[in-house]
Amino acid sequence: MRCPSCGSLDDKVIESRSMADGESIRRRRECNACHFRFTSYEHIEEKPFMVIKRDKRREPFDREKLSRGIEHALEKRAVSTNTVDQLVNEIEEEVYTKGKLARELPTAEIGEIVLKRLNSIDKVAYIRFASVYKHFNDLDEFIKEVKKIGGQENAEEK
């Protein structure tokens, strides 16, 4: 460890202490050249949770991107900010749970999780999100999706 006072790489550890969360270690060090004392910390470097895009690229999971997509779908709908925050938290938790072992999940699975949750909250938001997520190419695909959720409501009423 380089001494912050003189730049020497020769030091000794005087004391090591595990931090309260057990995720890091605090070390008190003393430079052998100038006897300056300083503190260093060691942290576990975790592999970030990755999202597998449709074209097979991988990128880090972005909670803000998820939140923006959901907020956009719910724009001008009668859904409270607290409900949106709770929805994003629940989706994020489910995403991490499903991709726990591999530390990655395809966007297709994430999109299905979002659609399932939006369907239970607001049908219009569901259609808005589905139109972007499922890349509707024409009006027929859009109408099929509307009928699909319309059929669910009719089945629930019976």
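At about what angle do helix 1 and helix 4 pack, and how far apart are their axes?

Modeller: Happy to! This is a predicted model, so local features need pLDDT of at least 70 and side-chain atom pairs pLDDT 80 or more, while totals for chains, interfaces and linings use all residues. Numbering runs from 1 along each chain as its sequence is written, and side-chain values use heavy atoms, without hydrogens or water.

Helix 1 and helix 4 (residues 123-133) pack at about 125°, and their axes are 8 Å apart. Helices here are DSSP runs of H or I with at least four residues; axes are fitted to C-alpha atoms over the stretch in contact, with angles from 0 to 180 degrees between N-to-C directions. Helix 1 and helix 4 are therefore oblique to each other (under 35 degrees is roughly parallel, over 145 roughly antiparallel, 65 to 115 roughly perpendicular, the rest oblique). On the helix 1 side, G69, H72 and A73 make the contact, and on the helix 4 side A125, R128 and F129 do (contact means heavy atoms within 4.5 Å). By class, three of these residues are nonpolar, two polar and one charged (Ala, Val, Leu, Ile, Met, Phe, Trp, Tyr, Cys and Pro are nonpolar, Asp, Glu, Lys and Arg charged, the others polar).

Helix 1 (residues 63-73) also meets helix 2 (residues 81-98): their axes come within 10 Å and cross at roughly 130°. That makes helix 1 oblique to helix 2 as well. R63, L66, S67, I70 and E71 of helix 1 touch V84, D85, L87, V88, N89, I91 and E92 of helix 2. This contact has six nonpolar, two polar and four charged residues.

Now follow helix 4 to its other partner. The axes of helix 3 and helix 4 come within 7 Å and cross at roughly 160°. That makes helix 3 roughly antiparallel to helix 4. From helix 3, T107, A108, G111, E112, V114, L115, L118, N119 and I121 reach K123, A125, Y126, F129, A130 and Y133 in helix 4. The residues here divide into ten nonpolar, three polar and two charged.

Helix 2 is tied to helix 3 through charged side chains. E90 forms a salt bridge with R117, the closest N and O atoms being 2.8 Å apart (a Lys or Arg side-chain nitrogen within 4 Å of an Asp or Glu carboxyl oxygen). E90 sits in helix 2 and R117 in helix 3 (residues 107-121), 27 residues apart. E90 is partly exposed, with a relative accessible area of 30% (under 20% is buried, over 50% exposed, in between partly exposed; 1.4 Å probe, protein chains only). R117 also meets E94 in a salt bridge, at 2.7 Å from N to O. Because E94 lies in helix 2 and R117 in helix 3, this pair ties together parts that are 23 residues apart in sequence. At 15% relative accessibility, E94 counts as buried.

V95 is in helix 2 too, and is buried at 0% relative accessible area. Leaving out residues up to four places away in sequence, V95 touches F49, F61, L105, I110 and I113.

Within it, E59 pairs with K53, the closest N and O atoms being 3.8 Å apart. E59 is partly exposed, at 22% relative accessible area. In total, the structure holds 14 salt bridges.

How values were computed:
Helix = DSSP H or I, 4+ residues; strand = E, 2+ residues; numbered from the N terminus.
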